[in-house]
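Me: Hi! I'd like to chat through this structure with you, a bit at a time. Here it is.

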Amino acid sequence: MNENCLAYILPGPVELASLLSGLPEKYHIRECGISVDTICYLDTFDWRLNNKELLCFRIGKTSFVLTSFAGEFKLQEEGPTHEKPLPLHFSDGALGEKLMTVAGIRALLPRAEITRKSQCFQVMNRDQKIVFSGSLELNQLIPPDNEEGCQPVSLGGSLRLLGVRGYDKILEKVTEGLKLQGLEAGYSEERTLRLALTELGENSHHYSSQFSIILDPAESVILAAQKIFFQLLKGMERNVFGIIEDFDTEFLHDFRVALRRTRSLLGSIKKIVHPDDIVRFQQGLKDIGTFTGPVRDLDVYLLAKKDYQSMLPEGLQEGLTLFFQGLAKQRLKELQRLRKALQSRKFHSFMAQWQEYLENSILLSSLISGQKSCKEVASKSIRKRLRSILESGSQIGPQSPDTELHCLRIQAKKLRYLLEFYRSLFPETEMDILVKSLKKLQDNLGNFNDLSVQQKMLGEYQNALALKEQKNAIKVAAALGGLITHLYEEQIDVRNKFEQTFEQFTTVENSKLFTLLFK
Amino acid sequence: MKIIAIYSSKGGVGKTATAVNLSYDSAHSGKKTLLCDMDPQGAAGYYYRIRAKESFNRKQFLKGDLEPFIRGTDFENLDLLPAHFSFRNLDIALDDRGGSAKELKRIFAGLKDEYDVLILDCPPNITLLSENIIMAADLVVTPVIPTTLSILSFAQLIKLADKLEVNRKKLAAFFSMVDKRKKMHTDIIAKFGKKKLFLESEIAYLADVEKMGIYRQPVAVSASASSAATAYKQLWQEVWRRGVLS
Ligand SMILES: Nc1ncnc2c1ncn2[C@@H]1O[C@H](COP(=O)(O)OP(=O)(O)OP(=O)(O)O)[C@@H](O)[C@H]1O
Ligand SMILES: [Mg+2]
């Protein structure tokens, strides 16, 4: 048999015999049984597979297929039993590896579920020799909430034909007949997914964790702020369910990024809206930041488990494992608290108030400078922020205290947010260059900060252990000691690279760009 | 690509039964396999229910233009090049082309990218075609019924190989249609079975092999749990090992 496979699109249920009615008399069809499978299409919350033109589905409980839209490659492997698996749950095969590179730490969530009824058949000549074979498939969407009385929706199906080498003529005849019946080749799994998503009223472009907003340079800054706040609010709301269900750690991360951006923007419009409003919401947002913090902090350590393991020699690994077991337990506790907070009346009413304010009051509470064009305000804020970064940065020398680096990091972050909010107001290529170069500086500052936070946290954990005198405390403390030493050395490295990184940020080219863009 | 010829100058020794079953086992083990029916009787094609295309003839065969005439069997990885009645005079045709013993090798060379294994089901002759087959093959496998006459025809093959200056290591025999109740069978096996050119595997005289003519399928399909299926599978493994090492 060869790989000469054709797949026709069937609009709805059809009889095989009528599809193949053009078959000459000396051939006959042998039907080889019907199978019914449940097929569940999976993708991450932010459609990472779809964005890379990949498709993943589960057949039955644990058989997984990963293929490209065009079908040039197809991997099929047994996978985990999890309903919403993470790439790391897959074993080391090619499929798991590919999922890991594309989906990363995001869970694969069921996006649509169908049943597929397939009937295999063979067409034989007088010698009972198979001259081609195929299958007739019919797809039905399973309604998501399984409501009673909800009829499954037909998504059409496919007729697949598999030719046998040296028996092309008969297949040609059959395909001509199909053409006459108005059937089109070109069925794909992707097509069925799209039909299913349309039925479900979803599409694969609803969500991206990347912030992007198109602003009109002439519109008032208060209008622009309203739009940005709105998008950030949606960004937070969209992630709440995933945090509570704990599908993966990115929900909380994205939620907190949107939250920080909101706080940063709110802090930067002091002359634009009434200060009382700012104070009122700043506090509420800060509270949310506080109660979402502990789980995120623990996630950061748990996600870095492999890195930590590679920092320590064999002898200290056991203590490290115990340490991580402790963290996982602690995370569970913190997660319960977080869930409660996110479902609390206080949180809901704050979010409702914030939304209400954005919808109805923000424009009314605008001060006079809120009416300035957003481009003017954006340029000015960016210029100001930039100037202060250049000033503080250039004063940092090898002897400067760590706190100065921390301050610079926060300023750089604020600049980054401004560049992102107002990206659409400036030429794209130039903005890309600046953001990229700023990102390098931020990475250095961020690493430096992370390393000191980690040392501090590990040290505190160590101290707490000493007080509790648990039975494995010595092993864990030794592992932590090893980590702290390692992190300390790494931090010195990062610190030594600061001057050079900062110089690369303040090149003549960049300065020219800055003046040109934000004059 | 390894070319394995199933050859004997004697008729009715089980060549076709061997070629049909070994090609199935080869394909089943994952090797892309082509069974070439070199016998104008077309028995191998019969077992796989494949007829030659009418347009297929000797001329194209000699040109090495085989591609368009290969047909897929009902089994994965296994194709068949059907015989054609015009193969009857393949000998004469080869002779016309200058009588070289290396023609067949050239003809099959074009298939080397597509197939891992070529199995030739040969007609029972000693002719120029036989010489071509021996030259083209990486391994010549001969079924030997444990009778004096069969042993003689194997001796004949060895002589031919020597004449063609082909390494004897390229030859392998196995006992075919063995009936352990027959004294002559056990005697001959005892006498020759230990010789280097003999494989350890044997194929007994089995009803399941005879019935292949009715079912028109390899025994591994029509009688998958039978001792015949097991015996051919074992024989294939041994043949393949020899083929790789030869
Ligand atoms: N091991 C076996 N047990 C029983 N019958 C067998 C066995 N091997 C072959 N036969 C039967 O013996 C007959 C001859 O076998 P086969 O056609 O394989 O021999 P051959 O060497 O190819 O003959 P030819 O020289 O005519 O091509 C066939 O009817 C076949 O079914
Ligand atoms: Mg034969």
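Me: Which residues have the most contacts inside the largest nonpolar core?
Reply: In this predicted model, they are Ile228(A), Phe229(A), Tyr308(A), Phe323(A), Trp354(A), Tyr422(A) and Phe518(A), in a core of 100 residues. A nonpolar core here is a set of buried Ala, Val, Leu, Ile, Met, Phe, Trp, Tyr and Cys residues joined through side-chain atoms within 4.5 Å. Buried means under 20% relative accessible area, with exposed over 50% and partly exposed in between (1.4 Å probe, protein chains only).

Me: What does Phe229(A) contact, leaving aside its neighbours within four places in sequence?
Reply: Phe229(A) is in contact with Thr262(A), Leu265(A), Leu266(A), Ile269(A), Trp354(A), Leu358(A) and Ile362(A), once those neighbours within four places are left aside. Contact means heavy atoms within 4.5 Å.

Me: And the second core, what's in there?
Reply: That separate core has 57 residues, including Val164(A), Leu171(A), Val219(B) and Ala231(B).

Me: Quick check on conventions, please.
Reply: Residues are numbered from 1 along each chain as its sequence is written, and chains are lettered from A and ligands numbered from 1 in the order in which they are written. Local features need pLDDT of at least 70, side-chain atom pairs count only at pLDDT 80 or more, and totals for chains, interfaces and linings use all residues, while side-chain values use heavy atoms, with hydrogens and water left out.

Me: Is Arg261(A) buried or exposed?
Reply: Arg261(A) counts as buried because its relative accessibility is 11%. Arg261(A) sits in helix H7 (residues 250–267) of chain A. Helices (H or I, at least four residues) and strands (E, at least two) are DSSP runs, numbered from the N terminus. Beyond its neighbours within four places in sequence, Arg261(A) is in contact with Phe211(A), Leu232(A), Tyr417(A), Glu420(A) and Phe421(A).

Me: Switching to sheets: what's the strand order in the 9-strand one in chain A?
Reply: The order is S5-S4-S3-S2-S6-S7-S8-S1-S9, an open sheet with antiparallel pairing. Two strands pair if DSSP finds at least two bridges between them. Strand S5 (74–78) and strand S9 (184–185) are the edge strands, each pairing on one side only.

Me: How many bridges join S4(A) to S5(A)?
Reply: There are 5 between strand S4 (residues 63–68) and S5(A), and the two run antiparallel. Phe64(A), for one, has Glu77(A) in S5(A) as its bridge partner.

Me: Which residues of H5(A) are buried?
Reply: Glu189(A), Thr192(A), Leu193(A), Ala196(A) and Leu197(A) are the buried residues of H5(A). They cover an arc of only 135° around the axis, which puts them on the same side of H5(A); the arc is that of the directions from the helix axis to the C-beta atoms. These buried residues pack against strands S2 (28–43), S3 (54–59), S6 (109–124), S7 (130–141) and S8 (153–163) of chain A.

Me: What comes just after H5(A)?
Reply: Gly201(A), which takes a positive phi of about 70°.

Me: Over to chain B. What's the pairing in its 8-strand sheet?
Reply: The pairing is mixed, in an open sheet with the order S3-S4-S2-S5-S1-S6-S7-S8. Strand S1 (residues 2–6) and strand S5 (residues 117–121) of chain B run parallel, joined by 5 bridges. Ile6(B) stands opposite Asp121(B) in S5(B).

Me: Last one: what covers the buried residues of H7(B)?
Reply: The cover includes helix H6 (128–136), S6, S7, H8 and S8 of chain B. Among the buried residues of H7(B) are Ile151(B), Phe154(B) and Leu157(B).
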